[in-house]
Amino acid sequence: MAAEHESPLEQFKIEPIGGEIHLFGYNVSFNNSALWMLIVIGVITAVMLLGMRKQAIVPGRGQALVEFLHDFIANMLKDNVGPEGKKYFPWVFSIFVFVLFSNLLGLLPHAFTVTSHIIVTFALALMVFITVTVIGFARHGLHFLSFFVPKGAPAWLLPLMIPIEVISYFIRPLSLSIRLFANMVAGHVMLFVLGSFVVPLGLAGLYVSGLIPLAAIVAIIGLEFLIACLQAYVFAILTCIYLNDAIHMHH
Amino acid sequence: MDAQAARYIGAGIAALALGGAGIGLGILFGNFMNGALRNPAASAKLFGNMMLTFALVEATGLIAFVVAMLILFV
C-alpha cells in the first residue's frame with residue numbers, strides 16, 4: 001500500500017528544468033514555477049493582443065473579454081478609491097490579471113499552479129504593502145502616522161489601540177498572501193484526494209461505486225473555477241481598499 | 001504513544017477549526033438570503049459584498065487546513 005500512496009502535496013514540487021545553475025552560491029535554476037509564470041504572461045499577452053487587434057464598435061468574443069476585464073477593474077477602482085484611483089489602474093489591473101490567469105491555468109491537468117507557493121503570493125502581497133505604504137507617506141508625509149490613531153477613541157484607550165492598529169497594519173501582507181496560497185493548495189489537494197478514491201472504490205465494490213467520487217470531482221472542479229476567479233477578485237479588491245486607506249486615510 | 005499516531009490526532013484536531021468557518025459561512029449566507037429576500041432590488045449590490053466576505057471567512061478555515069498539513073507533512 002505504501003508504494004502507491006503518493007503524497008497529495010507531490011503536485012506542488014518545484015523541479016529544475018534543464019540542469020541546475022548555481023550563481024554566487026545561490027541556486028538559480030530555471031524551474032517549472034518559472035516556466036509556468038512565463039506561460040501565464042504569454043497567455044495574458046496573447047489574449048490582450050488578440051482582443052485588441054481590430055477595434056470594432058460591436059465587439060467580438062476576444063474584444064468583449066478584454067473590455068469586460070478592463071471595465072471590471074476600472075469600476076472596482078472607481079467604487080473603492082474614487083477618481084484619484086484612476087492613476088493606479090495599470091498596477092491593479094496587472095495584479096488582478098496575473099493572479100486570475102495563474103489560478104485558472106493551474107486548474108489544467110498536469111499544470112503547475114504558480115500561486116500555490118507562498119513565496120510567490122507573499123512577494124505579490126509585499127509589493128502591494130510596500131507600494132501602498134510609500135503612496136501613503138508620499139501623499140500625507142509624516143501625517144500618515146496618524147492613520148494608526150483611531151478617531152474618537154478615548155485617550156486612556158490609546159496605549160492599547162495604537163499597538164493593535166500597528167499590528168493589524170503589518171499583518172496585511174501575511175493575511176493577503178496566506179489567503180490566496182491556502183485556497184489554491186486546499187483546492188488542489190481536495191481534487192487529488194477525491195481523485196485517488198475513484199479507482200480503489202470502483203475495484204472494491206461494484207464498478208459503478210467509483211462514479212461517486214468522480215461525480216464529486218466534477219462538482220468540485222466547478223467550485224474551484226469559482227474560487228480561482230473569486231480569489232483574484234478578493235486580491236484585487238483588497239489592494240483597492242488598502243490603496244483607499246493610504247489615499248484618503250480615515251475614509 | 002507513537003509519534004505518527006499523535007500527528008494524525010493533532011491533524012484531526014486542527015481540522016476542527018472548520019466548524020468555526022462553517023458557522024461563519026452559515027451566518028453569512030443566512031443573512032444574505034435574509035436581506036436579499038426582504039429587498040430583492042438590493043440583492044445585486046449585496047452579492048458582491050457577500051462574495052468578498054465569503055472569501056474572508058473561508059480563509060480562516062483554510063489557515064486551519066494549512067496547520068493540519070504542516071503537522072502531517074512537515
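**Helix 7 of chain A and its surroundings in the predicted model**

Helix 7 of chain A is followed by A:Met249, whose phi is positive, near 55 degrees; helices here are DSSP runs of H or I with at least four residues, and strands are runs of E with at least two, numbered from the N terminus. The structure is a predicted model, in which local features need pLDDT of at least 70 and side-chain atom pairs count only at pLDDT 80 or more, whereas totals for chains, interfaces and linings use all residues. Residues are numbered from 1 along each chain as its sequence is written, and chains are lettered from A and ligands numbered from 1 in the order in which they are written.

Chain A comprises 7 helices and 2 strands, arranged along the sequence in the pattern β-β-α-α-α-α-α-α-α. Its C-alpha trace spans about 70 × 55 × 45 Å along the principal axes. Of its 251 residues, 24% count as buried, a residue being buried if 20 or more other C-beta atoms, placed from the backbone, lie within 10 Å of its own, exposed if 12 or fewer do, and partly exposed in between. Among the contacts in chain A with a separation of 6 or more, 61% join residues 24 or more positions apart, where contact requires that the C-beta atoms, placed from the backbone, lie within 7 Å.

Helix 2 and helix 7 of chain A pack at an angle of about 35 degrees with their axes 9 Å apart, the axes being lines fitted to C-alpha atoms over the stretch in contact and the angles running from 0 to 180 degrees between N-to-C directions. The contact is made by A:Ile73, A:Met76, A:Leu77 and A:Asn80 of helix 2 and by A:Ala236, A:Ile237, A:Cys240, A:Ile241 and A:Asn244 of helix 7. Apart from neighbours within four places in sequence, A:Ala236 is in contact with A:Ile73, A:Met76, A:Val92, A:Ile95 and A:Phe96.

A:Pro90 lies in helix 3 of chain A and is exposed, with 9 other C-beta atoms within 10 Å. A:Pro90 and A:Ile73 are 17 residues apart in sequence and 9.4 Å apart in space, C-alpha to C-alpha. In the loop between helix 3 and helix 4 of chain A is A:His110, which has a positive phi of about 65 degrees although it is not a glycine and which counts as exposed, with 5 C-beta neighbours inside 10 Å. Of the 13 residues of helix 5 of chain A, the number buried is 0, so this helix lies largely in the open.

Between the chains, 9 residues of chain B are in contact with 11 residues of chain A.

Note on methods
Contact = placed C-beta atoms within 7 Å.
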